[in-house]
Amino acid sequence: MNGFPPDAVGDHRDDGPVCLVLGRTARGRLPPLPAAVAAAGVTALLLAAGMDGPPTPALLAPFVVVLLAGPSACHPHAGRLDWLVPPIYRAIEYGYLAVLGFAQGVTAPLGYVLTAVLALHHCDAAYRSRQGVRPRGLVLRAGLGWDGRMLCVAFAGLCGLLPIAYAALAAYLGVLFGSESVVTWARSGRGSGVMVDWEEERA
């Protein structure tokens, strides 16, 4: 249904070092979909609590979410509905950045730029899977993963540096993912002479 083999589904989680360590510790025993749903629910509750009162619950959300989601990072993701896991983590990350930024006074353009950089990175990763080009592990680790990015934002928020963190992440990730994508597609030789069946893509 998802169009990707199980190992690619796991790749699309975009886990960072923290989740990967927790996943190796759990040895892939925790089913990923219940963990992802629980993480999404906790994120929504803590963000709502942060909107109505002190921001501390919202800023602590990533720490709780990582503890819930991390142990499932190394699971094979071979279940019939496990393809839902990466979109759930995309929704958690994008939603967290958008809601937290809005609540804590980050300017809308800055929040949009950071979210757009991440969305383009994830779209590029999805297209690579279709073309048989796997992402480079070093770049993924340098990109911190969804968990690392949320933790960085939370630390910055606790220190009162949220706008600076959004700007720094947008600049750093834009250069990192953008340059790596250009180099990878140029070296792969798939940027020229690729025949794309748009009818098949739309099906």
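Predicted model: local features only at pLDDT ≥ 70, side-chain atom pairs only at ≥ 80, totals over all residues.
Which residue's side chain meets R128 in a salt bridge? That would be E180, at 2.7 Å from N to O.

## Ground rules

Residues are numbered from 1 along each chain as its sequence is written, and side-chain values use heavy atoms, with hydrogens and water left out.

A salt bridge here is a side-chain nitrogen of Lys or Arg within 4 Å of a carboxyl oxygen of Asp or Glu. Searching the whole structure turns up five of them.

In the pair from the opening, E180 meets R128 at 2.7 Å. E180 sits in helix α9 (residues 162-188) and R128 in helix α6 (residues 108-131), 52 residues apart, linking distant parts of the chain. Helices are DSSP runs (H or I, at least four residues), numbered from the N terminus. Both partners are buried, meaning under 20% relative accessible area with a 1.4 Å probe, protein chains only (exposed is over 50%, partly exposed in between).

## The network around R149

D14, E93 and R149 are joined in a salt-bridge network. On one side, R149 pairs with D14, the closest N and O atoms being 2.6 Å apart. D14 is in the loop between α1 (6-11) and α2 (17-26), while R149 is in helix α8 (residues 145-158), 135 residues apart.

R149 also bridges to E93, with the closest N and O atoms 2.5 Å apart. E93 lies in helix α5 (residues 85-103) and R149 in α8, so this pair ties together parts 56 residues apart in sequence. R149 counts as buried at 2% relative accessibility, E93 counts as buried at 0%, and D14 is buried too.

Methods
Helix = DSSP H or I, 4+ residues; strand = E, 2+ residues; numbered from the N terminus.
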